[in-house]
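Please open the structure in your viewer and keep the selection panel at hand.

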Amino acid sequence: MHHPYQIRSIEQYQSDYQRSLDDPEGFWSFIADHFVWKKKWDRVLQWNFSEPRVRWFEGAQLNITKNCLDRHLSDKADQPAILWEPNDPNEAARTITYQQLHQLVCRFAQVLLNNGVKKGDRVCIYMGMVPELAIAVLACARIGAIHSVIFGGFSAQSIADRLTDAQAAYIITCDGAYRGAKDIPLKSVIDDALVGNDTVKRVIVYTRTGTAVSMISGRDVWWEEEMEKVSASCHVPAETMEAEDPLFILYTSGSTGKPKGVVHSSAGYMVWTNYTFLNVFQYQPGQIHFCTADIGWITGHSYILYGPLSAGATTLLFEGVPTWPDAGRFWDIIDKYKVNILYTAPTAIRSLMGFGNAPLEGKDLSSLQVLGTVGEPINEEAWHWYNEHIGKKRCPIVDTWWQTETGGVLISNLAGITPSKPAWATLPMPGVKPILVDDKGVPVRERDENGLLKGNLCIQSPWPSILRTTYGDHERCRQNYFATYENLYFTGDGALQDASGNFRITGRVDDVLNVSGHRIGTAEVENAINAHAGVVESAVVGFPHDIKGQGIYAYVIVSHFHQDAEHTRKDILQTVARVIGPIAKPDKIQFVSGLPKTRSGKIMRRILRKIAEGETQHLGDTSTLLDPGVVREIVEGAVE
Ligand code: WT7
């Protein structure tokens with residue numbers, strides 16, 4: 001059985017890649033023809049990067065849930081769509097077939113309609129990794145409501161900011177969530193986020209932990225009671241969506257200001273997540289796909305939900321964390337479910353590698369066929385450990401580079417089809433035209449002593465799932481991604497390219513940090529620190545961290561200590577956790593009396609980065625500093 005658009009050889013990769021550039025419209029209309037449309041497109045692609053304005057499959061009408069659910073009912077009704085592994089390995093697991101998922105999504109879609117949710121309304125989802133999270137997301141898509149999932153680790157303040165930005169009137173949440181040894185009181189965080197809010201009309205609460213919650217009359221309702229009011233067999237017709245109607249908003253950090261709401265389209269996003277899922281992982285019917293991300297991040301949207309389900313795959317949803325009850329948890333899950341594809345982050349690999357081989361003993365990993373990584377550059381040591389100890393040297397590893405804004409994978413090898421190269425994402429997917437430019441936007445042509453090109457990674461033309469805008473602020477989208485270099489989408493990443501065309505992503509070149517695969521803006525952390533009473537000014541940089549990839553180093557000027565320095569340090573951490581969430585807490589805080597600034601008042605982060613890295617001697621040119629003396633003080637007080 002041959003899949004109509006799965007690339008099956010290196011020659012086919014080369015010819016498909018070429019064809020996707022020579023005739024993008026023909027290439028993508030061939031692929032799009034294999035989806036369920038209510039009406040097909042009039043034009044495949046219209047675009048310019050100056051506004052920017054990108055329209056894929058203009059004139060087409062569809063609903064992504066028809067493609068993820070209804071179309072599988074004829075031949076996969078009884079196949080598991082979702083396998084759910086609870087946080088506690090002793091609790092019963094759940095299997096949800098395509099038939100059951102279709103029913104549950106229809107039923108909850110009716111609940112949303114009963115509660116007044118309409119096409120185009122924004123629905124904020126703040127839940128743990130339970131099947132009902134998948135059901136909530138798909139039910140929104142079913143009725144054309146725009147979902148905005150917020151990761152369960154974000155604070156009430158972060159939620160409040162996102163609710164306001166998205167003007168969301170509806171929230172779906174849980175009483176609480178289990179994550180490892182912790183119980184997270186989700187509903188109570190929502191209650192804090194809603195103090196003083198008068199735009200949220202309805203909060204639907206799913207019971208997960210049974211913890212006591214406050215339910216505000218007229219606003220808060222229970223998931224279970226609402227579901228009871230709807231017949232189990234009700235059928236909610238899929239809302240007709242235009243190709244470019246927004247499917248969802250997902251907030252992500254940039255180098256300035258508050259997180260921005262990345263908007264993805266209905267048709268282009270569907271086609272790209274499906275195409276890349278099938279090609280990067282080479283998914284074969286019947287395989288079990290395990291992506292360990294949280295649905296609160298783009299990886300979960302694209303490769304737990306939409307990509308796998310649109311391809312009729314079985315996707316595994318894991319509620320817990322890799323190290324609880326012990327560091328063998330992933331390996332137990334792979335053994336238990338006979339997982340075929342494992343897709344995880346370098347930070348998880350490095351952390352599990354640190355536990356040695358004991359947690360692997362007695363675990364049967366022979367079902368594994370493909371391994372993947374995403375989220376940050378993978379170091380060679382971690383790559384080799386993953387290859388030897390998990391893949392037993394018989395599973396290809398795909399190193400997938402992409403971003404919230406790209407919707408799906410843009411650069412990666414194809415499992416078992418195109419070669420892997422440790423720490424290299426390798427080649428672009430068909431339809432993707434990467435280019436490296438210097439700081440002036442001129443394409444880099446000079447190779448270094450190793451024969452490599454080095455520059456800022458840009459993409460020259462749109463792929464189907466490129467972001468369309470940042471919610472409520474199109475100019476911000478233009479400024480952020482399309483204004484740095486004319487006619488190019490700028491990724492914010494630096495990269496190398498070898499003579500065979502392979503790319504190695506080296507990391508962000510802007511003020512965005514990547515901490516354990518979580519994206520955090522330095523400006524955001526600074527704002528949170530500055531919110532703390534007594535803080536005069538702060539500067540935040542990243543430093544290399546063995547497990548997290550990057551750690552957060554904060555230089556802080558305070559007017560006085562509350563009690564003592566240690567107390568103030570703890571208070572600042574508490575404030576950052578309150579304002580953003582625990583994931584943004586600095587690993588190191590150094591109290592300083594001044595920051596290295598140029599005469600025009602700009603902080604020289606280059607110097608601060610070097611000191612955070614442990615460099616004390618070669619700090620580069622400090623002659624333009626207003627007060628070179630502060631550098632000596634900072635070097636002497638640097639936190640190990
Ligand atoms: C940033 C995007 C893509 C989903 C998860 C992160 C970094 C991502 C790789 C990789 C090197 C990578 C980049 C990118 N990144 N994948 N395979 N190799 N770096 O999505 O939170 O939007 O972060 O993650 O720096 O810009 P995100």
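**First stop: Asp 220**

Select Asp 220, which counts as buried because its relative accessibility is 9%, where buried means under 20% relative accessible area, exposed over 50% and partly exposed in between, with a 1.4 Å probe and protein chains only. This is a predicted model, in which local features need pLDDT of at least 70 and side-chain atom pairs count only at pLDDT 80 or more, while totals for chains, interfaces and linings use all residues. Residues are numbered from 1 along each chain as its sequence is written, and side-chain values use heavy atoms, with hydrogens and water left out.

Asp 220 is found in strand S12, residues 220-222 (helices, H or I, of at least four residues and strands, E, of at least two are DSSP runs numbered from the N terminus). Leaving aside neighbours within four places in sequence, show Lys 187, Asp 191, Val 203, Ser 214 and Met 215, with which Asp 220 is in contact (heavy atoms within 4.5 Å).

**Second stop: the ligand**

Now select the ligand and the 17 residues that surround it, the closest being Asp 399, Thr 400, Thr 404, Asp 493 and Arg 519 (one heavy atom within 4 Å). A nitrogen atom of the ligand is 2.8 Å from an N or O atom in the side chain of Asp 399, and an oxygen atom of the ligand lies 2.5 Å from an N or O atom in the side chain of Thr 404. Among the elements that give two or more residues to this shell, colour helix H11 (298-310) and strand S20 (397-400).

Key. Polar contact = N/O pair within 3.5 Å; in protein donor to acceptor, adjacent residues only side chain to side chain.
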